[in-house]
Amino acid sequence: MTATSTPYAELKAPTTIRRLLTQPTTGPLAALLLACVFFSVSTDQFLTGGNFSLIVQQVMVVGTLAIGQTLIILTAGIDLSCGAVMAFGSIMIAKMAAEGSLPPLAAIALGLVVCGGFGLLNGALVQKIPLPPFIVTLGMLNVAFALTHIYSEEQTVTNLPGPLTALGQTFPLGKTDITYGSLVTIALFLAFAYALSSTSWGRHVYALGNSPEAARLNGIRTSRLTIGVYTVAGLLYGVAALLLISRTGVGDPQAGQTDNLDSITAVVLGGTSLFGGRGSVLGTFIGVLIVGVFRNGLQLMGVASIYQTLITGVLVILAVTVDQISRKKAR
Amino acid sequence: MSRISRLPSSLLRTAACTGVAALALTACGSGSGSGTANAGSGSVKVGLITKTDTNPFFVKMKEGAEKAAEENGVELSTAAGKFDGDNAGQVTAIENMVAAGVKGILITPSDSKAIVPAIEKAKAKGVLVIALDTPTEPESAVDALFATDNVKAGELIGEYAKAAMKGKPAKIATLDLAPGVSVGVQRHNGFLKGFGIEEGDPSVVCSQDTGGDQAKGQTAMENCLQKSPDINVVYTINEPAALGAYTALKAKGREKDVLIVSVDGGCTGTEAVKDGKISATSQQYPLKMAAEGVKAVATYAKDGKKASGYTDTGVTLITDKAQDGVTSKDTAYGLENCWG
């Protein structure tokens, strides 16, 4: 690191501030706060508890997928199948409980196991054969998509039993109604933030992403770790499936078709490097919120949804540019 | 075309705001209040949610709504799913519009059943919800429906095809939409009814799904011709599928002796009828659906009177080769009233 050429060094700031400025989540957090300020000034409805609760509800499904996506991207992998696996899990849970003979909780458990199974299979193919994650998960995307449509017979499942939609119910907090699912999502983000930053498993995930060879030589069982990461991600997609059902109140075979890309968008916006080894799930949470805040805020302003797509695209390119520049500096 | 010429200025304006929003939000804060026309919080807001942003049918619908919003002195905001079938995207749009305080929402549901819980939530908050083009399941989930009678649209081209065949034995290919989508099923069944046959009739020799897509329509027609080279009537769900079928027939040198009939009445499709590529099409009127919808919300805001029930926005058979006993208009009329 050539300290004299970096702008931050010239500030002669205390170490804590300098560390804060070079944190990968600082940029995304600043963008999120600025967006919130902008929309608070522009619209009357943005700055209310109810609206924030709404935004968190709206992002909880993609957010939960994005936790799994973050884990996989940290190992320098990628998962294109997450939305399709979630859709299969959700239609399975919905159909088993609404039309099959399974009690709701058993249907939920089955859905989690099936989604975890998809993850396990992804991980095994990536690790054991080995195949590039991009190709494996692209194939799995099509497999899960097709199975969803075959199994559902293209029919939306309605009349779900109560326990399936329980997480979509709200409880009052002051004047604001909060969805239980939002709490589940936030709890998952906190749990995985802790696991990544403060457990040996977390450090191993980063090590694997930085250099699989070095990780292996240091005694990390990289094969087991990789398969484990994909399996955990699969289980998270199962949770996302349940959140999705609870939010929409139906089992929808068309769900999740762009969620794979949306989850990657969130990961990138949150400052996690697509090359692996750098980033955090808290950053991903910020990334998910950035997308949610823009979508909500622009709608409140009356701007058509296509501009939300435009803005998201610009932000993603900015985020990757920042990642690349900071990598060069770090070298 | 008008939508393309309209695009640059609004795109530039928003692109500028995007850049500012992304890079220096605080700087944009002061300018944006005056930049957006909807700063007046007292005015009546109407939301329009379509299946996608890009399908010309919905682009036209949006134009109709914009014009009607101006005429009725209400403020329009629009949203759409990312793809046809994006229920979650439409749910989010409904929630955000309700949060923005709209008086009414006009929606073309991507999934007739899955959207219902979100609509009910909006209605519970006093928002008038009207379905455009596609009914919900159940239809009573919305306050009102403004749409084409798709069975009628199919019937018209069925009757036309029957008359045009003049008693010759028919070998029919149906190029359909997708399984379980009500619009496609209704048009298909209407066509069979108009032709005077029932599902499973031996004269229907090939049925394929196209998703309403030109390339898939072409592939479907190629496969149908492979299966039954003597097909002489082609029913298509919409004009892109019809044009795909035409391309496939032309490659086989069959374009002159096969009757293609379709539904929609888009400008490209109506031109194709004029050029003789398609024999007849049932024209529908998305602009009218949207305009009536906006008017209904404006009325509701003014005197609290809610629109209800089904309003047929009409359908017209367009052809230059009129048949005895089948009422139709020529392509000059069709081009004057087409959309897209």
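**View 1. Extent of the interface.** Chain A and chain B together bury about 3500 Å², of which 60% lies on carbon and sulfur atoms. On the chain A side, the residues that lose the most area to chain B are A:F38, A:Q299 and A:Y307, which together account for 17% of what that side buries. The model shown is predicted. The contact draws 41 residues from chain A and 40 residues from chain B.

View 2. Between chain A and chain B, 2 salt bridges are found. One of them joins the side chains of A:D262 and B:K82, with an N to O distance of 2.9 Å.

View 3. Two or more residues each are given to the side of chain A that touches chain B by α3 (26-42), α4 (49-74), α12 (222-248), α14 (281-301) and α15 (305-330) of chain A. The largest share of this side, 8 residues, is supplied by α15(A). By residue class, the side of chain A that touches chain B comprises 19 nonpolar, 16 polar and 6 charged residues.

**View 4. Confidence along chain A.** Chain A has a mean pLDDT of 90, and 93% of its residues reach 70 or more. In residues 1-11 of chain A, by contrast, the pLDDT is below 50. Beyond near neighbours in sequence, the stretch 1-11 of chain A has 9 contacts in the model.

How values were computed
Residues numbered from 1 in each chain as written. Chains lettered and ligands numbered in written order. Predicted model: local features only at pLDDT ≥ 70, side-chain atom pairs only at ≥ 80, totals over all residues. Heavy atoms only, no water. Contact = heavy atoms within 4.5 Å. Buried area = accessible area lost by both parts, 1.4 Å probe. Salt bridge = Lys/Arg side-chain N within 4 Å of Asp/Glu carboxyl O. Helix = DSSP H or I, 4+ residues; strand = E, 2+ residues; numbered from the N terminus. Nonpolar A, V, L, I, M, F, W, Y, C, P; charged D, E, K, R; others polar. pLDDT = per-residue confidence, 0-100.
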